[in-house]
Amino acid sequence: MSLNYIKNFYEGCLRPPTVIGQFHTLFFGSVRTFFLGVLGFAVYGNEALHFSCDPDKRELNLYCYNQFRPITPQVFWALQLVSVLVPGAVFHLYAACKNIDQEEILQRPVSTVFYIISVLLRIILEVLAFWLQRHLFGFLVDPIYMCDASALAKIFNISKCMVPEHFEKTIFLSAMYTFTIITILLCIAEIFEILFRRIGFLNQPVS
């Protein structure tokens, strides 16, 4: 792959062919990533260390924390961000290999269809991530978690565990749900922008 292909791919990822797509890139790349990287670490960074159960034994704390968090929220949201980027990256790689400029994407029917498909895939991935987040983390973080530790040792049975900073985590969860909803709405709006611009291109008089 030549340097020109790499340049076109890089510019395509940073500057999508729609206005809403460019705003989405700014919102996605800066606000959402900053929120997750900085505030996410502050809220969830030491959660495993402060997660304690009764009786306060290390093996019980680890066992119950793994039961409480099958996957850590930071890892889940990082995977969500990466997966949502993939459809757009694949499309811009295709456009770079075909030497299609960003200004020409919506003027070509085939590239327009491929771009709409990439936006639809982003919507599907965001909806799937929303469902998984609700299934894994819920909407509220309770201060007490009842852990079934009978598999670890019969003497533990049901153990009561304290969840640190549960209120902050509830606020953060709400923010991540909001980011996902905003991203879905932006993707839907981008599809409408593409359709309106295509209608505009079709209605232009042929010179």
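In this predicted model, the side chains of E193 and R197 meet in a salt bridge, with 3.4 Å from N to O. Both residues belong to helix 7, where they stand 4 residues apart, about one turn of the helix. E193 counts as buried because its relative accessibility is 12%, whereas R197, at 31%, counts as partly exposed. Elsewhere, salt bridges that share partners join E47, R69, E165 and K169 into one network.

Side chains of opposite charge can pair when their charged atoms come close. The count of salt bridges in this model comes to 7, and the table lists some of them.

| Salt bridge | N to O distance |
|---|---|
| E126 and R32 | 2.9 Å |
| R69 and E47 | 3.0 Å |
| E193 and R197 | 3.4 Å |

The salt bridge between E126 and R32 has one partner in helix 6 and the other in helix 2, so the pair ties together parts that are 94 residues apart in sequence. Both E126 and R32 are buried. In the salt bridge between R69 and E47, R69 lies in the loop between helix 4 (58–68) and helix 5, while E47 lies in helix 3 (residues 47–50), so this pair ties together parts that are 22 residues apart in sequence. R69 is buried, with a relative accessible area of 6%, and E47 is buried as well, with a relative accessible area of 2%.

These pairs sit within a chain whose secondary structure comes to 7 helices and 3 strands, and which, read along the sequence, follows the pattern α-α-α-β-α-α-α-β-β-α. Of the 207 residues of the chain, 39% count as buried.

Helix 2 (residues 19–44) has 26 residues and reaches 35 Å from its first C-alpha to its last, which is close to the 38 Å expected at 1.5 Å a residue.

After helix 5 comes N99, whose phi is positive, near 55°.

Helix 7 (residues 166–203) also holds I188, which counts as partly exposed because its relative accessibility is 35%. Together with I181, L185, F192, L195, F196 and I199, I188 forms a nonpolar patch on the surface, and the accessible area of these residues together is about 680 Å².

The chain averages a pLDDT of 83, and 88% of the residues score at least 70. Confidence in the chain is highest in helix 6 (residues 109–137), at a mean of 93, and lowest in helix 1 (residues 3–14), at a mean of 60. Where pLDDT is low, the predicted coordinates should not be read in detail.

Key
Residues numbered from 1 in each chain as written. Predicted model: local features only at pLDDT ≥ 70, side-chain atom pairs only at ≥ 80, totals over all residues. Heavy atoms only, no water. Helix = DSSP H or I, 4+ residues; strand = E, 2+ residues; numbered from the N terminus. Patch = residues over 30% accessible without salt bridge, like charges linked within 9 Å, V, L, I, M, F, W, Y side chains within 5 Å. Areas by Shrake-Rupley, 256 points an atom, 1.4 Å probe, with all protein chains shown as cover. Salt bridge = Lys/Arg side-chain N within 4 Å of Asp/Glu carboxyl O. Buried < 20%, exposed > 50% of the residue type's maximum accessible area, 1.4 Å probe, protein only. pLDDT = per-residue confidence, 0-100. Expected span 1.5 Å × (residues − 1).
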